Amino acid sequence: LNAPFDTAKSRIQQQVGTAASADGPAAAPKYRGTLQTLATIVREEGPRAAYKGFLPKMLRMALGGAVGIIVFEEVQRSLAF
């Protein structure tokens with residue numbers, strides 16, 4: 001459920017070139033806030049774009065969860081009397 005918010009966070013963090021340079025004044029950032037970013041993504045790229053990167057995130061979390069369960073069980077087993 002939080003994948004669109006993660007996508008928005010990543011888009012906001014990846015903005016570059018907003019600082020003033022010798023070429024001229026600073027460009028206004030495209031993304032200014034979470035909801036505005038989500039609205040822009042959906043309007044310009046469609047609703048599916050809000051879920052970009054969902055599969056790698058899901059796989060990473062599943063692998064991390066599996067490792068956590070295995071470690072927990074091994075520690076629990078080694079501490080059992």
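**Exercise 1.** With which residue does K52 form a salt bridge, and how far apart are the closest N and O atoms?

*Solution.* This is a predicted model, in which local features need pLDDT of at least 70 and side-chain atom pairs count only at pLDDT 80 or more, while totals for chains, interfaces and linings use all residues. Residues are numbered from 1 along each chain as its sequence is written, and side-chain values use heavy atoms, with hydrogens and water left out. Apply the criterion for a salt bridge, a side-chain nitrogen of Lys or Arg within 4 Å of a carboxyl oxygen of Asp or Glu: the partner of K52 is E45, with 3.0 Å between the closest N and O atoms. Salt bridges that share partners then join R11, E45 and K52 into one network.

**Exercise 2.** Determine which parts of the chain the salt bridge between R11 and E45 ties together.

*Solution.* The side chains of R11 and E45 meet at 2.9 Å, N to O. Because R11 belongs to helix α1 (residues 3–13) and E45 to helix α2 (residues 34–45), the pair ties together parts 34 residues apart in sequence; helices here are DSSP runs of H or I with at least four residues, numbered from the N terminus. As for accessibility, where buried means under 20% relative accessible area, exposed over 50% and partly exposed in between (1.4 Å probe, protein chains only), R11 counts as buried at 17%, whereas E45 is partly exposed at 35%.

**Exercise 3.** Locate the partners of the salt bridge between K30 and E44.

*Solution.* Their side chains meet at 2.8 Å, N to O, and the pair links K30, in the loop between α1 and α2, with E44 in helix α2, 14 residues apart. K30 is partly exposed at 43% relative accessible area, and E44 is partly exposed at 47%.

Methods
Helix = DSSP H or I, 4+ residues; strand = E, 2+ residues; numbered from the N terminus.
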